[in-house]
Amino acid sequence: MTFSFQAPTALEYFESLVKSDEQFPLLEAAASIAQDEYPELDVQQVLGDVDQLLARLKRRLPADAAPLHRLRTLNQFFFHDLSFGGNVNDYYDPDNSYLNAVLRTRRGIPISLAVLWMELAHGLGLQARGVGFPGHFMLKVTLPKGQVVIDPFTGKSLSREELSERLEPYKRSNGLVGDFDVPLGLYLQPATPREIIGRMLRNLKEIHHAQEDWQRAIAVQDRLVALFPEAWGEYRDRGLAHAEQGNSAAAVRDLETYLAHADEALDIDTIAERVAALRRAES
């Protein structure tokens with residue numbers, strides 16, 4: 001009897017990681033995103049590299065170190081000794097979202113840096129969470145005497161005043177002023193692992209769309225659909241990317257899925273016209 005074992009595709013592997021919210025391996029799912037760009041990437045090697053960093057960090061701390069001491073040691077190690085920080089020279093480089101590249105260059109964007117920092121923080125027993133702050137992902141650490149909010153781009157701790165100042169442009173542009181204002185704490189709610197991966201993918205989606213790189217955009221959209229199978233707008237966006245790539249059948253399939261579920265969307269007529277045009281082109 002012969003057995004045939006076929007390795008899962010990168011997308012199938014990702015789907016298996018994000019299937020359940022109960023067992024959601026954030027670091028592994030984030031690292032696997034890079035397999036679209038680096039097909040030979042060994043995700044387990046990335047996880048091992050992070051484990052090695054954690055082992056180095058733990059050697060700097062006594063077992064009974066207080067939480068604040070652990071936090072300060074982590075920040076010194078990550079932002080100063082290893083020099084992790086934001087890629088200010090090329091912020092929109094897709095490599096900033098790929099953890100293997102971030103580990104190599106020590107440069108990234110807030111959310112990719114935050115994922116690595118959180119893994120180390122959790123390894124030290126710190127209560128750290130990511131925060132989907134408008135326009136800039138943040139970190140939040142709960143200590144015995146309060147909370148600390150950290151900008152993962154710079155490693156700086158931010159006061160309430162600084163956070164409120166950063167929020168002002170967002171509030172004004174969205175009419176969240178005066179009677180419509182909401183407390184700062186609502187903007188500091190922790191993000192779930194699924195939300196973090198979604199934000200990472202949507203960052204890449206924006207980059208690929210801006211560059212009209214439809215092949216890469218479709219690969220990202222495949223992951224977004226796997227991550228959020230009922231986010232019908234992602235089917236629409238994947239369908240439109242397929243249309244740009246000349247994949248009419250795949251475009252029609254995705255756009256019709258969108259039309260079947262997004263019955264109150266404002267762009268239904270526009271999308272229906274696009275489907276009709278694609279069908280005419282096929283016939």
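Helix α3 passes helix α4 in a right-handed crossing. A crossing is called right-handed if the near helix is turned clockwise from the far one by less than a right angle, and left-handed if anticlockwise. Helices (H or I, at least four residues) and strands (E, at least two) are DSSP runs, numbered from the N terminus. The model is predicted: local features need pLDDT of at least 70, side-chain atom pairs count only at pLDDT 80 or more, and totals for chains, interfaces and linings use all residues. Residues are numbered from 1 along each chain as its sequence is written, and side-chain values use heavy atoms, with hydrogens and water left out.

Helix α3 covers residues 43-58 and helix α4 residues 67-81. The two pack at an angle of about 125°, and their axes lie 11 Å apart. That angle makes α3 oblique to α4. Axes are lines fitted to C-alpha atoms, for helices over the stretch in contact, and angles run from 0 to 180 degrees between N-to-C directions. Angles under 35 degrees count as roughly parallel, over 145 as roughly antiparallel, 65 to 115 as roughly perpendicular and the rest as oblique. On the α3 side, Leu53, Arg56 and Leu57 make the contact. Contact means heavy atoms within 4.5 Å. By class, the contact of α3 with α4 has 4 nonpolar, 1 polar and 1 charged residues. Here Ala, Val, Leu, Ile, Met, Phe, Trp, Tyr, Cys and Pro count as nonpolar, Asp, Glu, Lys and Arg as charged, and the others, Gly among them, as polar.

The axes of helix α6 (residues 110-123) and α8 come within 10 Å and cross at roughly 150°. That makes α6 roughly antiparallel to α8. The crossing of α6 past α8 is left-handed. Ile111, Ser112, Val115 and Met118 of α6 meet Ile196, Arg199, Met200 and Asn203 of α8. This contact of α6 with α8 has 5 nonpolar, 2 polar and 1 charged residues.

Helix α8 spans residues 193-210, and its axis comes within 9 Å of that of α9. The two cross at roughly 160°. Helices α8 and α9 are therefore roughly antiparallel to each other. Their crossing is left-handed. From α8, the contact includes Arg194, Ile197, Leu201 and His208. From α9, it includes Trp214, Arg216, Val220 and Leu227. The residues of the contact of α8 with α9 divide into 8 nonpolar, 4 polar and 5 charged.

Arg216 also meets Glu37 in a salt bridge between side chains (2.7 Å, N to O). The pair links distant parts of the chain, 179 residues apart. Arg216 lies in helix α9 (residues 214-227), while Glu37 is in the loop between α2 (26-32) and α3. A search of the whole structure finds 16 salt bridges. A salt bridge is a side-chain nitrogen of Lys or Arg within 4 Å of a carboxyl oxygen of Asp or Glu.

The strands form an open sheet. Its 4 strands stand in the order β3-β4-β5-β6, and the pairing is antiparallel. Two strands pair if DSSP finds at least two bridges between them. The edge strands are β3 (127-131) and β6, each pairing on one side only. The twist averages 35° from one strand to the next. Helix α7 (residues 160-173) packs on the sheet and touches β4, β5 and β6. The direction of α7 makes about 85° with that of β6.

The strands are joined by hairpins. Between β3 and β4 there are 5 bridges. In β4, Thr142 is the bridge partner of Gln127. The hairpin of β3 and β4 has 6 residues between the strands, and Gly135 in the turn has a positive phi of about 80°. Strand β4 (residues 138-143) is joined to β5 (residues 146-151) by 5 bridges. Val141 stands opposite Val148 in β5, and Thr142 stands opposite Gln147 in β5. The hairpin from β4 to β5 runs through 2 residues. Strand β5 is joined to β6 (residues 156-158) by 3 bridges. Asp151 stands opposite Lys156 in β6. Here the hairpin has 4 residues between the strands, and Gly155 in the turn has a positive phi of about 85°.
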